[in-house]
Amino acid sequence: MAERKSALTETKQSARKPSAARTSAKVWTEEERAAIQESARERRVASRRDPGHERAEGERDVLAKIAEMPEPDRALAERVNAIVTASAPSLVPRTYYGMPAYARDGKVICFFQAASKFKVRYATFGFQPDANLTDGNMWPVAFALTKLTPADEAKIATLVKKAVS
């Protein structure tokens, strides 16, 4: 009888599913953790900013982040920055998870994400839900970038103008 009870106890214990904390010590990648920490830092800094200096300080932060990027991300980010600021001068530059972004009324409208940020093969130019891009039941909100042609630049400019309209 003792043997049978021992076997049943063993079966019950082995049938239990391990908790998520025990099976996966790393829920986030190092890159994701760094981005989350960067976002928290950005929020702390933004909360202390004088609204009158928000644009200048945000632009300084964006240009500093672009300067830190390796090539070809830096070249793409410089072009995207120039296109967005020319197409929608009302957007305020700021950083968003450590990447260049452009906001209206404190809400990010569009952003650039370097390929090197998460070690992927392409950079991303994307839009947040407050961007006015609704077009039917389905529309794109992010674009992979490997290089920018004049046609690509024109498309980005058109999308940014629509996003802020």
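The model is predicted: local features need pLDDT of at least 70, side-chain atom pairs count only at pLDDT 80 or more, and totals for chains, interfaces and linings use all residues. Residues are numbered from 1 along each chain as its sequence is written, and side-chain values use heavy atoms, with hydrogens and water left out.

A pocket is an open set of points on a 1 Å grid over the protein atoms alone, where a 1.4 Å probe fits, with protein on both sides within 12 Å along at least five of seven lines; lining residues have an atom within 4 Å of a point. The volume of the second largest pocket is about 200 Å³, taken as the space filled by probe spheres set on the points, which are joined across faces, edges and corners. Both α3 (30-48) and β3 (107-113) contribute at least two residues to this lining; helices (H or I, at least four residues) and strands (E, at least two) are DSSP runs, numbered from the N terminus. Nine nonpolar, one polar and two charged residues make up the lining, where Ala, Val, Leu, Ile, Met, Phe, Trp, Tyr, Cys and Pro count as nonpolar, Asp, Glu, Lys and Arg as charged, and the others, Gly among them, as polar.

| Pair | Axis angle | Axis distance |
|---|---|---|
| α4 (residues 54-68) and α5 (residues 73-87) | roughly 155° | within 8 Å |
| α5 and α6 (residues 150-164) | about 45° | 9 Å |

Axes are lines fitted to C-alpha atoms, for helices over the stretch in contact, and angles run from 0 to 180 degrees between N-to-C directions. The crossing of roughly 155° makes α4 roughly antiparallel (over 145 degrees) to α5. The contact, meaning heavy atoms within 4.5 Å, involves Val-62, Leu-63, Ile-66 and Ala-67 of α4 with Arg-74, Ala-77, Glu-78 and Asn-81 of α5. By class, this contact of α4 with α5 has five nonpolar, one polar and two charged residues.

Five nonpolar, one polar and three charged residues form the contact of α5 with α6.

Glu-153 lies in helix α6. Not counting residues up to four places away in sequence, Glu-153 touches Arg-79, Ile-83 and Leu-148. Glu-153 and Arg-79 are 74 residues apart in sequence, and their C-alpha atoms are 8.2 Å apart in space.

Methods: Parallel < 35°, antiparallel > 145°, perpendicular 65-115°, else oblique.
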